[in-house]
Each structure stands twice: as structure tokens, then as C-alpha cells.
Amino acid sequence: MQTAIYEKAISDFEALYPNIKVKMKLYTDYGKIYNDVITNIATDTTPNICITYPDHIATYMSGGNTVVPLNELMTDERFGLSGSEVKFDAPKKEEIVPEFLSECAFGDTYFALPFMRSGEALYINKDYVKRLGYEIPDKITWDFIWEVSDAATEKNEDGTYKLNGQKVMIPFIYKSTDNMMIQYLKQKGAPYSDAGGNIKIFNDETKDFLLEISKHVGNGAFSTFKISSYPGNFFNAGQCIFAIDSTAGATWLGSDAPLSDIHENSIVDFETVVKMIPQVNTDEPKVISQGPSVCIFNKENPREVLASWLFLQYLLTNEVQIEYSKTEGYVPVTKKAQEDPSYKEYLSRRGEDNDTYYSVKIDASNLVLENTEHSFVTPVFNGSASLRNAAGQLIEETVKSVRRKEVVNDKYFDDLFSEMKSLYRLDQTGGVGGGSKKELSPLPIESKVLLTSLALIWLLIAAYVIGEKVKSKKKY
């Protein structure tokens with residue numbers, strides 16, 4: 001369905017601008033886009049326009065003048081946002097949701113525009129929570145999640161779980177463990193990184209959270225997508241109580257999910273409730289903002305860049321924004337689209353069917369709309385994508401170690417921190433565009449002696465070569 005929206009957008013755009021031809025390359029993974037673009041930069045074959053994430057853009061920018069700064073294009077009277085010669089109803093800058101637009105700025109310069117936005121949601125099997133003797137509060141805490149999840153691990157004498165009568169039960173599954181770590185640290189007020197590119201994640205709060213996670217892994221209450229598989233599959237089969245996934249994945253979750261990925265005979269009937277992710281302090285909620293943005297790559301021909309810029313604007317028109325948001329739990333990035341009567345009507349028809357108006361999907365969209373002011377993004381710099389990967393890997397490695405019955409203690413976490421720093425080169429990362437650089441450690445004495453010796457050897461070789469040339473000249 002999303003492919004059809006892109007195809008229609010291209011067709012409609014080309015009808016307005018017959019001299020511009022748009023070719024689309026489809027991907028199913030943003031990581032593959034990132035890897036391809038990095039390769040393209042090295043071979044000077046970048047695409048004109050790319051749907052991507054700010055962390056990735058920061059890395060693209062490290063390759064030189066690769067990404068087009070958009071400030072001047074945005075304010076151009078003729079071809080800027082809603083400019084006089086733009087042939088369609090593009091949004092003005094002030095009509096883009098400011099929180100979403102700010103995510104695309106590097107300092108005072110915009111290097112992208114937001115395309116779609118989503119957030120993370122907590123999908124809850126309400127029937128199971130009630131069966132365990134609990135009521136779902138308006139705002140969920142981590143303590144509540146852990147308590148209910150632990151209670152669900154109780155088994156019958158035959159090895160089946162008391163809660164569902166099945167042999168499988170993973171009460172709490174988190175799809176994106178990088179988001180899990182980042183959001184917890186933000187909620188806790190603990191350091192993660194700063195805009196200068198300084199890495200601060202390796203701290204006591206991170207260690208304490210990993211230790212807490214390890215306790216619940218140990219009794220079978222928690223696992224991750226990478227280790228156990230997609231949370232929606234367990235959730236729909238009645239083998240999971242709490243599944244945390246993107247709102248963009250809402251159509252995969254729930255008994256009536258239109259895109260459920262398991263056999264219909266395995267689906268268990270229950271009521272799905274969509275809530276904000278668990279919080280440390282429910283009075284000051286913090287949720288990560290996510291979703292793709294669009295950047296433009298520099299080309300020798302300025303008309304090519306202008307054509308890319310026009311198509312980028314077209315992606316922000318109401319028609320594209322509203323139709324795309326109906327496919328998943330995304331929300332439009334413009335206030336113009338969010339306030340459009342057709343979008344409001346779409347939201348109001350919640351539950352009319354289990355496809356376009358699937359209740360869980362619309363609940364997920366409303367969750368994002370209602371909590372935009374509580375959303376945040378992490379600092380972006382060359383290396384922030386690696387830091388994000390490391391944040392999730394800290395949790396993944398801890399979960400794997402507990403499942404292997406390894407001892408998890410202070411020494412374990414010290415070793416794990418060192419391993420992650422080395423694996424993701426986080427002891428070498430500095431900021432992009434004038435950010436701070438980390439000082440290099442002084443060389444050991446042995447290394448200094450070796451380098452000095454090599455320098456002397458090269459000097460002696462050079463002296464020998466020069467001497468031989470002088471002798472040879474004297475002969476003639």
C-alpha cells in the first residue's frame with residue numbers, strides 16, 4: 001500500500017513537471033539505505049533524494065559537501081516552501097510541526113525535512129493483566145511492568161504457564177533495545193551523549209538498568225526481538241502481555257491485526273490496550289520521536305538539486321501525508337495535514353473495520369499526536385548512529401549472558417563497556433562540524449622507541465641514497 005502511495009505521488013508530480021522524471025528504488029530496511037548511501041558517497045554515485053534518519057545524515061555529511069543545506073531553498077521566494085512558482089499546495093515552514101522540523105537541524109542549518117513521524121507504544125493484553133489481578137493505570141511505570149511480568153512467570157506442575165496454559169510465555173518483549181536504553185536514561189536524567197559528540201552512556205545509571213534487566217531475564221519475564229523474535233507474534237498468540245514496538249507497527253499487533261504474521265489458528269482473542277511506554281516519573285514523561293526524514297544530495301547540475309527540492313516538498317502535501325499516515329501508526333508532519341478535515345474524519349472512524357480504521361492503529365496514531373510535546377531526540381553527530389547501536393547492544397549482550405547462565409556483576413559490566421567502546425569505536429568519536437575531539441592517550445615508551453628507531457632507519461636510508469647519487473655524479 002505504501003508503494004502505491006509513492007507511485008501515485010511520482011505520477012502526480014511528473015504530471016505537474018513533465019520535464020522531471022523520478023525513479024524510485026525500494027528498500028525494506030533503513031539500515032540498507034544507509035549502507036548503500038555510504039558506498040555511493042565513496043563512488044560519487046549518491047541518489048538525488050533519500051529517506052533517512054538524522055543520525056545517518058550526520059555520517060553522510062562527514063564525506064564532505066555531500067548533503068544540501070536547505071535554509072536558502074526553504075526561504076526562496078519562487079521555489080521555497082509554498083513559493084510563488086511552486087505548482088502545488090506545499091506547506092509553509094510555520095505549518096510544519098516545530099518539534100519535528102527541529103529534529104532535522106544541525107545547529108542553525110536544516111539538512112532535511114521530516115517526512116513521517118511515529119513513536120513507541122506499549123501494547124497490552126488487557127485480559128491477561130486482569131487475570132493476574134491487576135488494573136491498567138492511566139500512566140505506566142517500569143515498576144508496574146516488571147511486577148506484572150514477574151507474576152506471569154508462574155507455572156503449573158506440567159510445565160505450562162498458569163496464565164495462558166501454554167508452554168511458551170514471555171511476558172515482556174521489547175523490539176528496539178536501543179530505544180529502550182536511550183529512553184530510560186532520558187527519563188532518569190542520566191547522561192547519554194552531548195551535541196559535541198562526547199559519549200556518556202557508560203555510567204552507573206546504565207549499569208544499574210542493565211542489572212535490573214538481568215534479574216527479570218533470569219526468571220523468564222523479559223526478552224528482546226533480536227533474541228526471541230518479533231514481539232507481535234508472541235503477543236497475538238497469547239504468549240506475551242507487554243509488547244513495545246513502534247506505532248508504525250500497530251497493524252501487526254492485536255487479535256484483529258490486519259497484518260498478523262502467524263497462522264490464524266494460533267491467534268488468541270483478547271482486548272488490546274495502547275499506552276505510553278513505561279516511565280520513571282509519570283509526571284514528566286519522556287518518549288523518543290522517530291520516523292524518517294528526507295535529505296537531498298549535492299549534484300553538479302543545480303537544476304537537478306532544484307528538481308529534488310521540489311519533489312521533497314511534494315511529499316509534504318496533504319494528499320501524500322494523509323494517505324501515507326493511514327497505512328500505519330504514523331502521523332503527518334505538518335499541522336496543515338493534521339488539521340485537515342479528511343484526516344480528522346479518518347481518526348474519528350476508529351474501529352469501523354480491521355483494516356483502514358483498525359482501532360489499535362488509530363489509538364497508536366493518537367498516542368503520538370497527544371504526546372508530541374513530551375517527545376525528544378538524541379544529539380546528532382558523526383558517530384551517533386554507532387552510539388545508538390551500542391546502546392541496544394548493551395541490553396542484547398546482557399540478556400544473552402543471563403540466558404547462558406553467566407555471572408553478571410560489576411566486573412561483567414566493566415568488561416562489557418570496554419567491549420562496546422572498542423567494537424563501535426566510541427573512544428574515537430568526536431563531534432561533527434566543530435564538535436569536540438577526544439584527546440589521544442599518550443603512546444607507551446616501547447611504541448615511542450620503535451617509532452624513533454624507524455625514523456632513524458629511514459634517515460639512514462635517505463642518507464645512503466643521496467651519498468650514492470653524489471658518488472655517481474663524481475664519476476662523470
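Colleague: Is Arg 349 buried, partly exposed or exposed?
Modeller: This is a predicted model, and in it Arg 349 sits in the loop between α15 (341-348) and α16 (359-370). Its relative accessibility is 27%. Buried would need a value under 20% and exposed one over 50%. Arg 349 therefore counts as partly exposed.

Colleague: Which residues does Arg 349 contact, leaving aside its neighbours within four places in sequence?
Modeller: Contact here means heavy atoms within 4.5 Å. With neighbours within four places in sequence left aside, the contacts of Arg 349 are Tyr 357 and Ile 362.

Colleague: With which side chain does the side chain of Arg 349 make a polar contact?
Modeller: A polar contact needs a pair of N or O atoms within 3.5 Å. The pair in question is at 2.9 Å, and the partner is the side chain of Tyr 357.

Colleague: How far apart in space are Arg 349 and Ser 359, C-alpha to C-alpha?
Modeller: In sequence, 10 residues separate Arg 349 and Ser 359. In space, their C-alpha to C-alpha distance is 8.7 Å.

Colleague: Where does Asn 219 lie, and what is its relative accessible area?
Modeller: Asn 219 belongs to the loop between α9 (204-218) and β8 (222-224). Asn 219 is partly exposed, and its relative accessible area is 36%.

Colleague: Which backbone atom does the side chain of Asn 219 reach?
Modeller: Leaving aside neighbours within four places in sequence, Asn 219 is in contact with Asp 150 and Thr 153. Its side chain also reaches a backbone atom at 3.2 Å, the backbone nitrogen of Ala 221.

Colleague: How many residues apart in sequence are Asn 219 and Arg 403?
Modeller: In space, Asn 219 and Arg 403 are 9.7 Å apart, C-alpha to C-alpha. Their separation in sequence is 184 residues.

Colleague: What is the phi of Ser 229?
Modeller: Ser 229 is in the loop between α10 (225-228) and α11 (231-236). At 34% relative accessible area, Ser 229 is partly exposed. Although Ser 229 is not a glycine, its phi is positive, at about 105 degrees.

Colleague: Is Lys 405 buried or exposed?
Modeller: Lys 405 is found in the loop between α17 (384-403) and α18 (410-423). Lys 405 has a positive phi of about 65 degrees without being a glycine. The relative accessible area of Lys 405 is 72%, and the cut-off for exposed is over 50%. Lys 405 is therefore exposed.

Colleague: How are α2 and α3 oriented, roughly parallel or roughly antiparallel?
Modeller: The axes of α2 (residues 30-43) and α3 (residues 54-61) come within 10 Å and cross at roughly 10 degrees. Angles under 35 degrees count as roughly parallel. So α2 and α3 are roughly parallel.

Colleague: How many nonpolar residues are in the contact of α2 with α3?
Modeller: From α2, the contact takes in Tyr 30, Ile 33, Tyr 34, Val 37, Ile 38 and Ile 41, and from α3, His 56, Thr 59 and Tyr 60. By class, there are no charged residues, two polar and seven nonpolar.

Colleague: What share of residues in the protein chain is buried?
Modeller: The protein chain has 19 helices and 14 strands. Among its contacts with a separation of 6 or more, 71% are between residues 24 or more positions apart. Of the 476 residues, the buried share is 50%.

Conventions: Residues numbered from 1 in each chain as written. Predicted model: local features only at pLDDT ≥ 70, side-chain atom pairs only at ≥ 80, totals over all residues. Heavy atoms only, no water. Helix = DSSP H or I, 4+ residues; strand = E, 2+ residues; numbered from the N terminus. Buried < 20%, exposed > 50% of the residue type's maximum accessible area, 1.4 Å probe, protein only. Polar contact = N/O pair within 3.5 Å; in protein donor to acceptor, adjacent residues only side chain to side chain. Axes fitted to C-alpha atoms, helices over the stretch in contact; angles between N-to-C directions. Parallel < 35°, antiparallel > 145°, perpendicular 65-115°, else oblique. Nonpolar A, V, L, I, M, F, W, Y, C, P; charged D, E, K, R; others polar.
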